[in-house]
Amino acid sequence: MLTAMQTEAVAVAKVVGGNKRYPGVVALDNVNFTLNRGEVRALLGKNGAGKSTLIRLLTGSERPDGGEVWLGDTRLNGDDATLTRRAAELGVRAVYQELSLVEGLSVAENLCLGHWPRHGGMIDYPQMYKEAQLSLQALGVEVDPDQLVSTLSPAQKQLVEIARVMKGEPKVVILDEPTSSLASAEVELVISAVKKMSALGVAVIYVSHRMEEIRRIASCATIMRDGQVAGDVALDSTSTHHIVSLMLGRVHADISPVESVGLHGELVLEVRGLQQAPKLKNISFTLRRGEVLGIAGLLGAGRSELLKAIVGLEPFDGGEIVLNGETVRRPDYADMLKRGIGYTPENRKEAGIIPWLGVDENTVLTNRSKVSVRGMLQWDTIRRVTEVMMQRMTVKAASAETAIGTLSGGNQQKVVIGRWVYAASQILLLDEPTRGVDIEAKQQIYRIVRELAAEGRSVMFISSEVEELPLVCDRILLLQHGTFTGEYLAPVSVDELMSAILSVH
């Protein structure tokens with residue numbers, strides 16, 4: 001069996017001069033990328049750098065506007081309906097963050113899904129079990145093929161998904177944040193499986209932000225920034241600081257980082273010893289009136305779970321919340337909203353808006369009693385308060401009645417934040433408030449958050465885009481492996497913060 005070190009440098013995938021544009025966005029700009037047999041290549045870059053678009057070109061789910069994609073000696077070509085299937089036939093497989101296993105089926109049934117072994121026109125269950133066993137053994141996965149997927153741990157599910165893409169002798173396997181939701185001990189199982197794949201001659205593209213993990217599993221990295229390849233580096237001879245500088249480049253922003261300010265406002269929120277297995281471990285912090293508190297950390301660190309626990313959307317196992325001096329041990333969502341907490345979810349489209357309703361109806365959802373008389377909605381009042389909110393939040397829409405689903409992502413997000421301003425919420429929990437919005441809308445959201453803080457509201461601000469946290473936060477807490485490992489007061493260095501996130505603690 002060949003190892004990655006013994007394998008000759010035989011290219012199994014190439015993107016040559018790849019270009020891809022979406023309305024208003026250059027996703028890829030003359031990208032050249034080569035992957036060799038048996039190689040484990042880390043693909044790094046901040047959100048929006050172009051990683052996902054490059055992956056979509058390789059899997060055939062997107063066609064380049066310019067340039068070529070080669071898989072082995074074959075140029076990936078064909079009509080849109082068959083391009084993905086053609087890439088799969090040429091040996092490309094991908095495992096994404098959101099797993100695609102069928103919980104109600106067994107491991108064996110999932111591994112053979114859509115490719116059932118048959119005998120006499122019927123599914124050959126003994127053969128299916130045998131094929132599944134061989135796939136699992138090849139990666140060292142100790143799972144019973146007859147076990148229901150719903151009974152597996154997160155790490156076992158991830159390994160079954162990887163084992164499934166290994167069927168049919170793939171040449172390229174793309175793993176997108178495969179350990180983001182796993183505990184440290186479970187990560188070892190995925191690392192072991194990837195090393196076995198490499199030893200079999202399979203080339204692996206490994207997308208992750210966990211630097212310690214990347215150095216253990218990959219020999220080199222391609223770093224992307226603003227739709228271009230910022231550099232290809234050998235990991236054993238490149239410092240984390242240099243990698244961070246390649247990822248960030250110059251920080252393009254028309255606004256300056258928050259300067260040092262005194263945090264003297266009264267305590268409005270105190271969290272004491274919050275625990276929520278397996279994500280949160282002994283979380284304690286305070287939030288003062290007029291403060292913008294950032295929460296930094298990798299995907300899977302527990303950031304969203306923390307906000308949901310505070311606002312009462314998810315129960316926690318231990319600890320307590322003190323809100324304006326009153327202890328709340330078992331928060332209820334409706335009650336926490338009445339107490340003055342507003343919450344914007346990470347997934348705006350699925351959980352933050354009702355797309356077919358107007359801006360007006362989406363705005364007053366949180367407090368319809370303010371615009372009702374004896375249970376009847378007062379539409380003149382609704383229109384008036386919505387127009388005031390739209391002006392304050394700089395929402396661009398034809399009218400207050402415009403369906404919110406037709407607005408840009410940035411305008412949708414400003415409405416979602418604006419509904420809590422309308423509801424007079426004093427504590428805002430913002431989960432990824434700038435995800436999927438353009439640069440102008442981001443800067444408008446930063447300005448809005450700072451204005452709300454200046455009025456005495458308090459904000460918790462979660463973002464995967466590390467470079468934006470110093471632009472809006474008075475203080476930043478670093479969340480790693482379910483606990484806080486660092487605190488940074490404004491002004492915060494982006495390089496220092498990014499290096500801390502990528503380093504081992």
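The structure is a predicted model. Helix H17 is largely enclosed by the rest of the structure, because 7 of its 9 residues are buried. The whole structure holds 26 salt bridges, and helices H13 and H14 pack at an angle of about 120 degrees.

**Helix H17**

- Helix H17 spans residues 494-502.
- Its buried residues are Val494, Leu497, Met498, Ser499, Ala500, Ile501 and Leu502.
- At the start of H17, the backbone nitrogen of Asp495 has a side-chain oxygen of Ser493 within 3.4 Å.

- Side chains of opposite charge can pair when their charged atoms come close.
- Arg216 and Glu188 form such a pair, a salt bridge with an N to O distance of 2.7 Å.
- Arg216 is partly exposed, at 34% relative accessible area.
- Glu188 also counts as partly exposed, with a relative accessibility of 37%.

**Salt bridges of Arg339**

- Arg339 and Glu326 meet through their side chains in a salt bridge of 3.3 Å, N to O.
- Because Arg339 lies in the loop between helix H10 (333-338) and strand E18 (341-344), and Glu326 in strand E17 (residues 326-328), the pair ties together parts that are 13 residues apart in sequence.
- Arg339 forms a salt bridge with Asp335 as well, where the closest N and O atoms are 2.7 Å apart.
- Arg339 is partly exposed at 29% relative accessibility, and Asp335 is partly exposed at 29%.
- Glu326 is partly exposed at 43% relative accessibility.

**Salt-bridge network**

- Salt bridges link Lys20, Arg56, Glu62 and Asp65 in a network.

**Packing of H13 and H14**

- Two packed helices are described by the angle between their axes and the distance between the axes.
- For helix H13 (residues 379-392) and helix H14 (residues 409-422), the angle is about 120 degrees and the axes are 10 Å apart.
- H13 and H14 are therefore oblique to each other, since angles of 65 to 115 degrees count as roughly perpendicular and those over 145 as roughly antiparallel.
- The crossing of H13 past H14 is right-handed.
- On the H13 side, the residues that meet H14 are Val385, Met389 and Arg392.
- On the H14 side, the residues are Lys414, Val415, Gly418, Val421 and Tyr422.

**Thr238**

- Thr238 sits in the loop between strand E12 (228-234) and H8.
- Thr238 has a relative accessible area of 11%, so it is buried.
- The Thr238 side chain reaches the backbone oxygen of Ala234 at 2.7 Å.
- Apart from neighbours within four places in sequence, Thr238 is in contact with Arg215, Val233 and Ile243.

How values were computed: Residues are numbered from 1 along each chain as its sequence is written. This is a predicted model: local features need pLDDT of at least 70, side-chain atom pairs count only at pLDDT 80 or more; totals for chains, interfaces and linings use all residues. Side-chain values use heavy atoms; hydrogens and water are left out. Buried means under 20% relative accessible area, exposed over 50%, partly exposed in between (1.4 Å probe, protein chains only). Helices (H or I, at least four residues) and strands (E, at least two) are DSSP runs, numbered from the N terminus. A polar contact is a pair of N or O atoms within 3.5 Å; within protein, one must be able to donate a hydrogen and the other to accept it, and residues adjacent in sequence count only if both atoms are side-chain atoms. A salt bridge is a side-chain nitrogen of Lys or Arg within 4 Å of a carboxyl oxygen of Asp or Glu. Axes are lines fitted to C-alpha atoms, for helices over the stretch in contact, and angles run from 0 to 180 degrees between N-to-C directions. Angles under 35 degrees count as roughly parallel, over 145 as roughly antiparallel, 65 to 115 as roughly perpendicular and the rest as oblique. A crossing is left-handed if the near helix is turned anticlockwise from the far one by less than a right angle, and right-handed if clockwise. Contact means heavy atoms within 4.5 Å.
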